[in-house]
Amino acid sequence: MDLSSVYQEIILKHYRGSRFRGELEDPDVVVPLNNPTCGDDIVLQMKLEGGRVAEIRFSGNGCAISQASASMMSEQVVGKSLEEMQALAARFRAMLHGDEAAARAPELGDLRALAGVARLPRRVKCALLAWEALEAGLRA
C-alpha cells in the first residue's frame, strides 16, 4: 500500500467516524462558520479550562476534506494551550500552502494526511474551515 492510499484511509476514517462529532452541554464557546464558495459549514463548540481546550465538538456538513480536517483538528487541540494551538495552526497552514518541512512535522499527526490539499488550491479553504472557527472561538 502506498502512502497516498494510507493518507486517503486516514481522511475517510476521520470523515466517517469522528469521535468529536456532536454537541457539548453548556459550551463556553460556539462558533458557526461556513465556506460560501462550496457550501461547507461547521459549528464548533468548546469548553475551556485554565486557558486550554478541555472539550471540543463539531457539527456541520461538507466535503470529506473539511469534515476530516475538523475531526483531526479536534483530536490535536484537546488539552493544548492557546500558544500551542496557534503554533499548530501556523504549521498546518504552512503545510497547506506547500511547505514540505511542515508536512513532515510529527506534531501534526493525522493532519499530515491533508498535505496533498496543497496541490488543490480550491480545497485549501475546505481544510482550513475548522481552523478558522477555532481561531475565531479563541479570540472571543
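This report walks through salt bridges in a predicted model.

A word on the ground rules: residues are numbered from 1 along each chain as its sequence is written. In this predicted model, local features need pLDDT of at least 70, side-chain atom pairs count only at pLDDT 80 or more, and totals for chains, interfaces and linings use all residues, while side-chain values use heavy atoms, leaving out hydrogens and water.

The structure holds 4 salt bridges (a side-chain nitrogen of Lys or Arg within 4 Å of a carboxyl oxygen of Asp or Glu). Among them are these:

| Pair | Closest N to O |
|---|---|
| Arg52 and Glu84 | 3.1 Å |
| Glu135 and Arg93 | 2.7 Å |

Lys13 sits in helix 1 (residues 3–17) and Asp110 in the loop between helix 4 (100–103) and helix 5 (124–139), so their bridge ties together parts 97 residues apart in sequence. Arg52 belongs to strand 3 (residues 52–61) and Glu84 to helix 3 (residues 82–96), 32 residues apart. Glu135 in helix 5 pairs with Arg93 in helix 3, so parts 42 residues apart in sequence are tied together.

Arg52 is partly exposed at 36%, and Glu84 is partly exposed at 39%. Glu135 is partly exposed at 23%, as is Arg93 at 25%.

Conventions
Helix = DSSP H or I, 4+ residues; strand = E, 2+ residues; numbered from the N terminus. Buried < 20%, exposed > 50% of the residue type's maximum accessible area, 1.4 Å probe, protein only.
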